[in-house]
Amino acid sequence: MAQKSVGEQFLFTSESVSMGHPDKVADQLSDALLDSLLEHDPRVRAAIETLVTTGLVVVAGEVTVHNREAECALGRAEDTIRKTVASIGYDDSATGFDYRSCAVVRTLHGQSPDISQGVTEGQGLHAEQGAGDQGLMFGYACAETKVLMPMPIHLSHRLVERHALIRQSGGIPWLRPDAKSQVTVLYEGHTPKAIDTIVFSTQHTEAAVDPRTQNMSEDARREIIEKILRPVVEREAPGLWSDRITFHINPTGRFVVGGPHGDSGLTGRKIIVDTYGGRGRHGGGAFSGKDPSKVDRSAAYMARHIAKNIVAAELAYECEVQLAYAIGVAEPVSVLVSTFGTGRVADTALQRAVREVFPLTPGRIIQYLDLLRPIYCKTAAHGHFGRTDADFTWEATSRAKDVAAAAKA
């Protein structure tokens, strides 16, 4: 966020979508396939795109594997897809999308050898593994929440995460998988002062419908507020739950038709949801379906790690890191740190410290963050950042002391 003057008030809004949202279904399918290959072949090269719509999954892209076990896993792609669709909750043909009956179409081929020669260590013009593509990646952190994420996106993620938990546990039996959340926060300077508005839309069965209006009943709306919204806000933003919050719960009235039957879904169409909810900038690259040789993914995770450690070290209240790469070249072509006037040391000192403390070539990033593991399907719902799961290694703040010492040297 650009620097705000002390006392200046403004509203900022971010959204998230549930694991059953069509675009997130596509993301999870791409990453589930990636995980199934990484389990057998850590050197797999994959860029998998998925389309979902009524009764249909189409999987396309590039996959290169290096052993028989991974070839067999690739041959089981349809099984992986169906199991993932079932785990998301699409298990009823009445919804128009069901793991048992959906058609699955695969059109996958190998990675271009022209790209491979620049990416694979020891080949091409460079001795070290080069970037899988050109591009620019941003990482961001701020001190608004305990996980150093902006409050609007953090709350939005936790709302759809709780929606999934309540749905899967049967706590609200009429919930279906598709949902969206949106949170508007009132700021004063850099400080969240109040929650202004929460928008929450969830797919539901006819059991949530008032037969007189054919829309979601008021009782159902109250149940969403009390069982999903209130517990999250009271836990994650103590003191900000109030009767002054404006709620829009299923504001169209009803949401029975949803999921891939209601809207088609595509891998990589929720890149702002996946990152910082519009806070900070975005380089344009998506994450899901890509193995970590693609800096769209690995360098974006590293940029978040760097920014989070800078904020955790109390070197800045807010920090954005940009890394940029050339295809086939290992070292980044640029490193930029911006603290928007909140830094305790100069941004140039932070840039110097970043180059000193953190590995920035693709191969070293992969090793440092331990990215050659089948961990990616879980990243494809509820946000890639601000999570406490130990597999999200980029969320660790273990280098805060190191970067503080280097910046002040």
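**Before you start**

Residues are numbered from 1 along each chain as its sequence is written, and side-chain values use heavy atoms, without hydrogens or water. Because the model is predicted, local features need pLDDT of at least 70 and side-chain atom pairs count only at pLDDT 80 or more, while totals for chains, interfaces and linings use all residues.

**Stop 1: the largest cavity**

Rolling a probe the size of a water molecule over the atoms shows where empty space is left. Here, a cavity is a set of points on a 1 Å grid over the protein atoms alone where a 1.4 Å probe fits but cannot get out. Grid points are joined across faces, edges and corners, and a volume is the space filled by probe spheres set on the points. A search of the whole structure finds two cavities of 30 Å³ or more.

Select Met-137, Phe-138, His-282, Gly-283 and Ala-300. Of the 13 lining residues, these lie nearest the centre of the largest cavity. Lining residues have an atom within 4 Å of a point. The space inside is about 80 Å³.

Now colour strand E7 (135–142) and helix H9 (295–312). Each supplies at least two lining residues. E7 gives the largest share, three residues. Helices (H or I, at least four residues) and strands (E, at least two) are DSSP runs, numbered from the N terminus.

Colour by class next. The lining has six nonpolar, five polar and two charged residues. Ala, Val, Leu, Ile, Met, Phe, Trp, Tyr, Cys and Pro count as nonpolar, Asp, Glu, Lys and Arg as charged, and the others, Gly among them, as polar.

**Stop 2: the second largest cavity**

Select Leu-33, Ser-36, Leu-37, Ile-48, Ala-73, Leu-74, Ala-77 and Leu-108, which line the second largest cavity. About 40 Å³ of space lies inside. Helix H1 (22–38) and helix H2 (68–75) each supply at least two lining residues. H1 has the largest share, with three. By class, this lining is seven nonpolar, one polar and no charged residues.

**Stop 3**

Most residues other than glycine have a negative phi.

Go to Asn-250, in the loop between strand E12 (246–249) and helix H7 (259–262). Its phi is positive, about 45 degrees, although Asn-250 is not a glycine. Asn-250 is buried (under 20% relative accessible area), at 1%.

Finish at Glu-314, in the loop between H9 and strand E14 (318–325). Glu-314 is not a glycine either, yet has a positive phi of about 60 degrees. Glu-314 is exposed (over 50%), at 52% relative accessibility. Values in between count as partly exposed, with a 1.4 Å probe and protein chains only.

Methods: On a 1 Å grid over the protein atoms alone, a cavity is a set of points where a 1.4 Å probe fits but cannot get out, and a pocket is an open set with protein on both sides within 12 Å along at least five of seven lines; lining residues have an atom within 4 Å of a point.
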